[in-house]
Amino acid sequence: TSCSATNRGGGMYLYSSTATLIDLSAQDNQADDGPDIYSTGNSYYSCATSCTPGQYSNCRGLALTNDAYECYVSCGGCRDCPAGSSNNEVGSTTNSSCQACPAGYVS
């Protein structure tokens, strides 16, 4: 669903808030400033996927925000790292998080 706002935050407007945005999908939102996410008033937000260690998601873009924070969106489902690689991170957004297993270890 696309949303619009006259001024700020067509998709989401955060004011004096703390938010964790998991598996966010944003598309076609419209506003003069921060079409997808507008953050103000000492707000803090983070974006992540629900992927567990050993998995990654293939995120296809960044939310359009009014600040420099990179919020990955449209990530789809979690995928297992390829055989012979592993990933210790939670919420990985690309397969580059999967690293080759050290000698003597297997995935």
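Me: Which residue does a disulfide join to Cys-59?
Reply: This is a predicted model. In it, Cys-59 is joined by a disulfide to Cys-75, with an S to S distance of 2.0 Å.

Me: Ok, and which hand does the disulfide of Cys-59 and Cys-75 have?
Reply: The torsion about the S-S bond of Cys-59 and Cys-75 is about 100 degrees, so this disulfide is right-handed. The pair links distant parts of the chain, 16 residues apart. Cys-59 is in the loop between strand S5 (55-57) and S6, and Cys-75 is in the loop between S7 and strand S8 (78-80).

Me: Are Cys-59 and Cys-75 buried or exposed?
Reply: Both Cys-59 and Cys-75 are buried.

Me: How many disulfides are there in the whole structure?
Reply: A search of the whole structure gives four. Counting bonded cysteines along the chain, the pattern is 1-4, 2-6, 3-5, 7-8.

Me: What about Cys-47, which residue is its partner?
Reply: Cys-47 forms a disulfide with Cys-71, and their sulfur atoms are 1.9 Å apart. The torsion about this S-S bond is about -95 degrees, so the disulfide of Cys-47 and Cys-71 is left-handed. Cys-47 sits in strand S4, while Cys-71 sits in the loop between strand S6 (61-62) and strand S7 (72-73). They are 24 residues apart, and the pair links distant parts of the chain. Cys-47 and Cys-71 are both buried.

Me: And Cys-81, what is it joined to?
Reply: Cys-81 is joined to Cys-98 by a disulfide, S to S 2.0 Å. With -75 degrees about the S-S bond, the link of Cys-81 and Cys-98 is left-handed. Cys-81 is in the loop between S8 and strand S9 (85-86), and Cys-98 is in the loop between S9 and strand S10 (99-100), so the pair ties together parts 17 residues apart in sequence. Cys-81 and Cys-98 are both buried.

Me: Is Cys-101 buried or exposed?
Reply: Cys-101 counts as buried because its relative accessibility is 18%, and the cut-off for buried is under 20%.

Me: New topic. How many aromatic pairs does the structure hold?
Reply: The structure holds two aromatic pairs. In one of them, the rings of Tyr-13 and Tyr-38 have their centres 5.2 Å apart and their planes at 25 degrees, so that pair is stacked. Tyr-13 is in strand S1 and Tyr-38 in strand S3, 25 residues apart. Tyr-13 is partly exposed, with a relative accessible area of 42%, whereas Tyr-38 counts as buried at 8% relative accessibility.
The rings of Tyr-45 and Tyr-69 have centres 5.1 Å apart and planes at 80 degrees, so this pair is edge-to-face. Tyr-45 lies in strand S4 and Tyr-69 in the loop between S6 and S7, so the pair ties together parts 24 residues apart in sequence.

Me: Which residues does Thr-65 touch?
Reply: Leaving out residues up to four places away in sequence, Thr-65 touches Gly-34, Ile-37 and Tyr-45. Thr-65 lies in the loop between S6 and S7, and with a relative accessible area of 19% it is buried. Its side chain also reaches the backbone oxygen of Asp-67 at 2.8 Å.

Me: Switching to the backbone, what is the phi of Ser-16?
Reply: Ser-16 has a positive phi of about 45 degrees, although it is not a glycine. Ser-16 is in the loop between strand S1 (12-15) and strand S2 (18-22), and it is partly exposed, with a relative accessible area of 48%.

Me: And what is the phi of Asp-23?
Reply: The phi of Asp-23 is near 55 degrees, a positive value in a residue other than glycine. Asp-23 is in the loop between S2 and S3 and counts as partly exposed at 38% relative accessibility.

Me: Last one: where is Asn-42?
Reply: Asn-42 is in the loop between strand S3 (37-40) and strand S4 (44-48). Asn-42 is exposed, with a relative accessible area of 81%. From C-alpha to C-alpha, Asn-42 and Leu-14 are 9.3 Å apart in space, and they are 28 residues apart in sequence.

Methods. Residues are numbered from 1 along each chain as its sequence is written. This is a predicted model: local features need pLDDT of at least 70, side-chain atom pairs count only at pLDDT 80 or more; totals for chains, interfaces and linings use all residues. Side-chain values use heavy atoms; hydrogens and water are left out. Helices (H or I, at least four residues) and strands (E, at least two) are DSSP runs, numbered from the N terminus. Buried means under 20% relative accessible area, exposed over 50%, partly exposed in between (1.4 Å probe, protein chains only). A disulfide is a pair of cysteine sulfur atoms within 2.5 Å. A polar contact is a pair of N or O atoms within 3.5 Å; within protein, one must be able to donate a hydrogen and the other to accept it, and residues adjacent in sequence count only if both atoms are side-chain atoms. Contact means heavy atoms within 4.5 Å. Rings of Phe, Tyr and Trp (its six-membered ring) pair if their centres lie within 6.5 Å; planes under 30 degrees apart count as stacked, over 60 as edge-to-face and the rest as tilted.
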